[in-house]
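These are my notebook entries on a single chain fold, kept in the order in which I looked things up.

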Amino acid sequence: MIKLGSHVSNKGDEMLVGSVLEAASYNANCFMVYLGAPQNSYRKSFASFRKDEFDQLLKEHQMNIDDIIVHAPYIINMANPDPEKREFAINFLTSELLLMEQLGFTKIVVHPGNSLGDEQAINYLKESLIKLLDNTKDTKTMILLETMAGKGTEIGRNFQELAFLLEGLPKERVNVCFDTCHTFDSGYDTVNDYDGVLREFDEVIGLERIKAIHLNDSKNPIGSKKDRHENIGYGYIGFETLLKFVYDERFKEIPKILETPYIDGKAPYKEEIEMIKMKKFNPKLKGEH
Ligand code: FE
Ligand code: FE
Ligand code: ZN
């Protein structure tokens, strides 16, 4: 069975209980959540996450906690040339990983960071990662560095940068989240050469390091570096290529998470999951785009 889900919310009084029910309403068997608002570092008390009910609901819906992915807030920049801001990022992520451990989550997607134009930033980032791993060495948490679109000064815009970051770090602690929109946007031609791009990833990093896939179409042509997600089959990547990721035997055990935009204020995930499972594009999901 394919592992397919979407980003879901984790808020109000429902918190993680609401997350599971939302995912189940889309017929998903995995999902991704933020542990607070995506743009800040405020976190509610442990009790408010409703862990016991969450665990119970996961069981009822036959979802495995290892397929449920946490996403770190956007503001975190472990590459920041300002050492104080870097320290803030490391400390925040340390507490986020400790909270994950308490809640039972094992995987967190992290945007590697922004260099802000400083050539040393990728080295700072690597030091930050080492510190973060050391701070959390008693946990079972795994960091998934996301492939980025290369917007602005984003680090992780190509496989080589990610390979540099991963080199020498423990495989049980640091791996990759492959975002289909971002890689295409940064210039990898998965549309015309799916196999070639994955072969390159395999040579530079190793396909076994992919532990999550963000399944998104792109609003922009290859190499645009704009990072704007589109609904499945409605963008420049297209339905057929996105299906290749979903049904690739090598990614059988890997959760695929939709982060596509809402349509008319409504989550499109139930319909998108349906069309992916049916392997049939639904041209009525959305009007003009
Ligand atoms: Fe992301
Ligand atoms: Fe993503
Ligand atoms: Zn994105």
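Which residue just after α7 takes a positive phi? I found G206, with a phi of about 110°.

**Entry 1: conventions.** I work from a predicted model, in which local features need pLDDT of at least 70 and side-chain atom pairs count only at pLDDT 80 or more, while totals for chains, interfaces and linings use all residues. Residues are numbered from 1 along each chain as its sequence is written, chains are lettered from A and ligands numbered from 1 in the order in which they are written, and side-chain values use heavy atoms, with hydrogens and water left out. Helices (H or I, at least four residues) and strands (E, at least two) are DSSP runs, numbered from the N terminus.

**Entry 2: α4 against α5.** Two packed helices are described by the angle between their axes and the distance between the axes. I looked up helix α4 (residues 121–135) and helix α5 (residues 159–166): their axes come within 9 Å and cross at roughly 40°. Axes here are lines fitted to C-alpha atoms, for helices over the stretch in contact, and angles run from 0 to 180 degrees between N-to-C directions. α4 and α5 are therefore oblique to each other; angles under 35 degrees count as roughly parallel, over 145 as roughly antiparallel, 65 to 115 as roughly perpendicular and the rest as oblique. In α4, I122, N123, L125, K126 and L129 meet E161, F164, L165 and L166 of α5, contact meaning heavy atoms within 4.5 Å. I sorted the residues of this contact into six nonpolar, one polar and two charged. Ala, Val, Leu, Ile, Met, Phe, Trp, Tyr, Cys and Pro count as nonpolar, Asp, Glu, Lys and Arg as charged, and the others, Gly among them, as polar.

**Entry 3: α5 against α7.** For α5 and helix α7 (residues 194–204), I read axes that come within 10 Å and cross at roughly 25°. α5 and α7 are therefore roughly parallel to each other. F159, Q160 and A163 of α5 make the contact with V197, E200, F201 and V204 of α7. These residues divide into five nonpolar, one polar and one charged.

Entry 4: I next checked L162, which has its place in α5. L162 is buried, with a relative accessible area of 0%; buried means under 20%, exposed over 50%, partly exposed in between (1.4 Å probe, protein chains only). L162 and L145 are 17 residues apart in sequence, yet 7.6 Å apart in space, C-alpha to C-alpha. In α7, I noted Y194, G196, V197, L198 and F201 as buried. Their cover includes α5, β8 (174–179), β9 (210–215) and α8 (239–247).

**Entry 5: nonpolar cores.** The largest nonpolar core has 83 residues, and F31, M78, F105 and I276 have the most contacts inside it. Helix α3 (residues 83–103) gives the largest share of this core, eight residues. A second, separate core of nine residues includes I69, C177, A212 and I257. A nonpolar core is a set of buried Ala, Val, Leu, Ile, Met, Phe, Trp, Tyr and Cys residues joined through side-chain atoms within 4.5 Å.

Entry 6: K225, in the loop between β10 (217–218) and β11 (229–230), has a phi near 55°. K225 is partly exposed, at 32% relative accessible area. D264, in the loop between β12 (256–258) and α9 (269–278), has a phi near 50°. At 80% relative accessibility, D264 counts as exposed.
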